[in-house]
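Please read this briefing alongside the sequence and the coordinates.

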Amino acid sequence: MIFNKSQSKFCNFAASKQSHRMALDIRIDRTKNSRIDSIDFDNLSFGKVFSDHMLVCEYKNGAWQNPTIQPYGPMSLNPAAKIFHYGQSIFEGMKAYKDSDGNVLLFRPDENWQRLNKSASRLMMPEIPEEIFMEGLETLLKLDSDWIPTADGSSLYIRPFMFASGEGFHASPADEYTLVIATAPSGAYFSGKVKVSIEEKYARAANGGVGFAKAGGNYAAQFYPTQLAIEKGYQQVIWTDDNTHQFIEEAGAMNVFIRINDTLLTSPTSDRILDGVTRKSIIQIAEDNGIPVEVRKISVGEVVEAAKTGALKEIFGAGTAAVISPIAGFGYQGTDYDLPELETSYASKLKKTITDIQTNKSEDPYGWRVNVS
Ligand SMILES: Cc1ncc(COP(=O)(O)O)c(C=O)c1O
């Protein structure tokens with residue numbers, strides 16, 4: 001089955017939910033040398049070891065080809081592949097969990113599929129039909145389900161990505177692309193006590209740019225200012241708007257939440273801010289649990305002022321990898337501000353609620369959990 005570009009353009013989620021998905025013809029080339037026995041599942045770090053198989057699907061001659069699932073391993077590319085020159089490269093991050101009955105669970109995977117396609121459109125790359133993304137992923141997870149760790153906090157991290165594999169030195173979009181889905185059994189993401197620096201000079205994104213997309217280059221551009229912050233004794237950067245550096249936007253590669261007194265604040269999504277799945281889930285859960293939430297511009301000035309008066313209770317990052325990552329303090333204009341250590345924080349309550357839903361330890365009133373076993 002071949003999907004051409006115009007077909008995939010019409011493949012929006014609302015429409016595809018109503019129709020039955022087409023059955024895909026996925027070729028499976030199983031590994032003859034599983035590495036699973038060499039993995040220490042009790043000591044997994046994050047995203048460092050990779051499961052036996054990966055899904056690969058090529059786009060050429062204006063159409064998506066049949067996907068294949070093949071042993072995880074190196075891929076061969078021509079040096080003129082446009083990914084190397086013009087950075088057409090996008091990705092997603094998601095997780096699969098296994099519950100105590102052995103069910104394999106995803107969390108809002110449609111959101112990742114839709115966001116990958118938003119990123120694709122912005123970078124002049126072909127959109128990916130739902131069939132390829134969802135059925136491809138489900139087939140891969142069934143094949144490698146023994147790789148899903150079950151210890152508390154662990155998961156199978158899923159990395160779908162697409163890059164320009166078409167060749168040429170001309171600065172124009174490639175004519176061929178490769179979609180890959182690879183997975184990595186990962187342990188709980190512990191970052192320890194995180195101190196962040198509020199950025200006064202660099203920006204991760206600008207109006208009209210690609211900040212809302214998960215484009216590889218966004219992350220490359222973050223590394224240098226983050227390294228400068230590390231050299232000053234911080235672990236991460238709080239990104240501010242590129243124009244005035246007066247408004248808080250994101251925390252590292254996470255969305256940011258700030259609690260002032262009992263109100264939870266988060267910045268509105270925009271051209272510059274990634275529309276995080278964790279962020280939107282937290283907003284919903286917080287509101288449903290009676291926590292006042294304000295989605296609005298947050299000025300650095302009000303956060304500093306709140307830190308001085310004691311009204312600032314919590315800052316935390318939100319994203320798939322860590323789910324919620326509490327921040328212990330921040331630096332701004334040469335002054336460090338510490339956050340209080342709370343017995344019952346919003347961060348820990350919200351993290352428990354969301355991870356209990358993800359791992360089937362609680363009811364899922366929202367229908368976010370998807371069983372793919
Ligand atoms: C820049 C950025 N912001 C926010 C997020 C959080 O998004 P999500 O909750 O969908 O993982 C991510 C991670 O995907 C990210 O890379």
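Strands here are DSSP runs of E with at least two residues, numbered from the N terminus. In this predicted model, Gln236 lies in strand 12, which covers residues 236-240.

**Surroundings of Gln236**
- Gln236 counts as partly exposed, because its relative accessibility is 25% and that class lies between the 20% and 50% cut-offs.
- When neighbours within four places in sequence are left aside, the contacts of Gln236 are with Val194, Lys195, Val196, Ser197, Thr226, Ala229 and Gly252.
- Ile198 is 38 residues away from Gln236 in sequence, while their C-alpha atoms are 8.9 Å apart in space.

**Overall fold**
- The protein contains 9 helices and 20 strands; its radius of gyration is 21 Å, close to the 21 Å that the globule rule gives for 373 residues, so the protein is as compact as a globular protein of that length.
- Along the principal axes, the C-alpha atoms fill a box of roughly 60 × 50 × 45 Å.
- Of the 373 residues, 51% are buried, and the accessible surface comes to about 17200 Å², with 49% of it belonging to carbon and sulfur atoms.
- Of the contacts between residues at least 6 apart in sequence, 72% join residues at least 24 apart.

**Charges and salt bridges**
- The protein has 38 positive and 46 negative charges, and the mean positions of these two sets are 2 Å apart.
- The count of salt bridges comes to 16, and one of them joins the side chains of Glu92 and Arg115 at 2.8 Å, N to O.
- Glu92 lies in the loop between strand 6 and strand 7 and Arg115 in helix 4, so this pair ties together parts that are 23 residues apart in sequence; both residues are buried.
- Lys361 forms a salt bridge with Asp152, with the closest N and O atoms 3.0 Å apart; Lys361 lies in the loop between helix 9 and strand 20 and Asp152 in the loop between helix 5 and strand 9, so the pair ties together parts that are 209 residues apart in sequence.
- Lys361 is exposed, with a relative accessible area of 54%, and Asp152 also counts as exposed, at 66% relative accessibility.
- Glu341 and Lys193 meet through their side chains in a salt bridge of 2.7 Å, N to O, which links distant parts of the chain, 148 residues apart.
- Glu341 is exposed at 68% relative accessible area, and Lys193 counts as exposed at 61%.

Methods. Residues are numbered from 1 along each chain as its sequence is written. This is a predicted model: local features need pLDDT of at least 70, side-chain atom pairs count only at pLDDT 80 or more; totals for chains, interfaces and linings use all residues. Side-chain values use heavy atoms; hydrogens and water are left out. Helices (H or I, at least four residues) and strands (E, at least two) are DSSP runs, numbered from the N terminus. The radius of gyration is taken over C-alpha atoms; the globule rule is 2.2 Å times the number of residues to the power 0.38. Buried means under 20% relative accessible area, exposed over 50%, partly exposed in between (1.4 Å probe, protein chains only). Contact means heavy atoms within 4.5 Å. Accessible areas come from the Shrake-Rupley method with a 1.4 Å probe; for residues, only the protein chains shown count as cover. Lys and Arg count as positive and Asp and Glu as negative; His and the chain ends are not counted. The place of a charge is taken as NZ of Lys, CZ of Arg, CG of Asp or CD of Glu. A salt bridge is a side-chain nitrogen of Lys or Arg within 4 Å of a carboxyl oxygen of Asp or Glu.
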